[in-house]
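The report below follows a few residues and the contacts around them. Please keep the sequence and the model at hand while reading.

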Amino acid sequence: MARLEIELPPKLIQVFEGDARYRCAYGGRGSGKTRSFAKMAAVKALIAAFAGRNGIALCAREYMNSLDESSLAEVKAAIASEPWLKQNYEIGEKFIRTRSGLPGRVDFKFVGLSKNLDSIKSKAQILLCWIDEADPVSAAAFEKLRPTVRESGSEIWITWNPERKGSEVDKRFRLTGREDQKICEINWRDNPWFPDVLEGERLDDLEHNPDQYDHIWEGGYKTVYKGAYYAKHLAKAKAEGRIGKVPFEPMMDLLTYHDLAGASDKADAYAMWPLQFVSKEIRIHSYYEAIGQPPEAHVQWLRGYCIDKGAKRCHVILPHDGAHVQINWSWENLWRNASDDQVKFIVRVVKNQGKGAAMQRVLAMQHLFPRTHWNEEETEPGRDALAAYHEKRDDERNIGLGPNHNWASHGSDAIGLMAIDYSERKGERPLPKDKWRRESRAKGSAWSAV
């Protein structure tokens, strides 16, 4: 193959020089990192094909429901930008592969990790795996990818705009000095081809959207989410001193509200909120979330928490799918059978709220937020999720599409379940009557009876 020159932002040159198992770049919008990694992925695949190698260049994102949400368009544009790349690739509406007639062949494949994690193991001869938009990628996905990308000389590339402090990609690559990686932070000012049209957008955000400017353009963590459902409620709770030390009442039952993971889904998260209702206060003591753990791990954590707090009775309130039986197994039965001499688990399943359930939970929780008191240290990860839970929008039509399902959904769904259940059982109606599901409520005290 002839010697060819490739133009890259200067900061990225050291990332692609020499040998490395991992090549990483993070930062804000307009840095050129995505287009550069797409171009270098095409270069690496072509080099492999000229060397007589057959295999796959795997382009992954955590969430990808269709090819429209993949890196397909970026790779096509990168190939089209270099005539010598274009003449060595065959490109169709849904495929990219090195041209026939070369000593070897490399095909590009596009996957969403959240739904196709197990299928990745069956993809043979992965020469390169590029994970774009990697901030929400789970620990389970990283653990499964590492041994799957195992061909001689294979590499894993990772690009992301930092969104949440303590994300898995941050912990594994940004905050560690791994000897097998090359990494850099790159932002708009590091891109010598930063376009004028984006400069106009940047200056507009600097003037009119200062709360989000650092995240969008400078690679800072996201602290403000457009359309966030609970941002102002959390800010008010902090201002009113309702986030701090919350007393635990050992003579009262502990309640826990859950969002369930798929029992066999290694990338799904299980979330729960331990809390107490004391008069009209909702005292939220802790937050638990785990990804890729067996069901018994959740039971073990809650049993240990109860023992530590001296709570001998613990209510386990599950969403409607907790009653679903899968091969003689259900979350409801698991928790019922988990009681022992130290802790009694009292299990209940909340009925499905039906159409619009996610928004019902949001409205119910917004109504109850003024009553909440939060144990600051132990609920911080859960409050981070609530702060990030926001509306998904169609900007072209300027319409809302309901809650955005991402990493923040698990804790938000669990606390929303609490709000629905509390309001129903206490006889409150924060939603319009035509929106609220008419169901009979249990009479008498909600929490005194088994």
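In this predicted model, Glu 133 counts as partly exposed, because its relative accessibility is 46%, where buried means under 20% relative accessible area, exposed over 50% and partly exposed in between, with a 1.4 Å probe and protein chains only. Glu 133 lies in the loop between S6 and H6, helices (H or I, at least four residues) and strands (E, at least two) being DSSP runs that are numbered from the N terminus. Although Glu 133 is not a glycine, its phi is positive, at about 50°. Ser 279, also not a glycine, has a positive phi of about 55°; this residue is found in the loop between strand S11 (269-278) and strand S12 (281-284), and it is exposed, with a relative accessible area of 71%. Most residues other than glycine have a negative phi.

As to conventions, residues are numbered from 1 along each chain as its sequence is written. Local features need pLDDT of at least 70, side-chain atom pairs count only at pLDDT 80 or more, and totals for chains, interfaces and linings use all residues, while side-chain values use heavy atoms, with hydrogens and water left out.

Glu 133 is also one of the residues that Arg 61 touches, and among the others are Glu 69, Val 111, Leu 113 and Asp 132, a contact meaning heavy atoms within 4.5 Å. Arg 61 is found in strand S2 (residues 55-61) and counts as buried because its relative accessibility is 11%. The side chain of Arg 61 reaches the backbone oxygen of Glu 69 at 2.8 Å. Arg 61 also forms a salt bridge with Asp 132, that is, a side-chain nitrogen of Lys or Arg within 4 Å of a carboxyl oxygen of Asp or Glu. The pair links distant parts of the chain, 71 residues apart, since Asp 132 is in the loop between strand S6 (126-131) and helix H6 (139-148). Asp 132 is buried, with a relative accessible area of 4%.

A search of the whole structure finds 26 salt bridges, and the table lists some of them.

| Salt bridge | Closest N to O distance |
|---|---|
| Arg 61 and Asp 132 | 3.2 Å |
| Arg 105 and Asp 107 | 2.8 Å |

Arg 105 counts as partly exposed at 41% relative accessibility, whereas Asp 107 counts as buried at 15%. Glu 281 is partly exposed at 29% relative accessibility, and Arg 283 is buried, with a relative accessible area of 10%. Elsewhere, salt bridges that share partners join Glu 143, Arg 146, Glu 168, Lys 171 and Arg 172 into one network.

Leu 198, Arg 202 and Asp 205 are buried in H8; they cover an arc of only 65° around the axis, so they are on the same side of H8, the arc being that of the directions from the helix axis to the C-beta atoms. The buried residues of H8 pack against helix H9 (210-218), whereas Asp 196, Val 197, Glu 207 and His 208, on the other side of H8, are exposed.

The mean pLDDT of the protein chain is 87, and 90% of its residues reach 70 or more, pLDDT being the predictor's confidence in each residue, from 0 to 100. Over residues 430-450 the pLDDT is below 50. Where pLDDT is low, the predicted coordinates should not be read in detail.

Methods. A polar contact is a pair of N or O atoms within 3.5 Å; within protein, one must be able to donate a hydrogen and the other to accept it, and residues adjacent in sequence count only if both atoms are side-chain atoms. Lists of a residue's contacts leave out its neighbours within four places in sequence.
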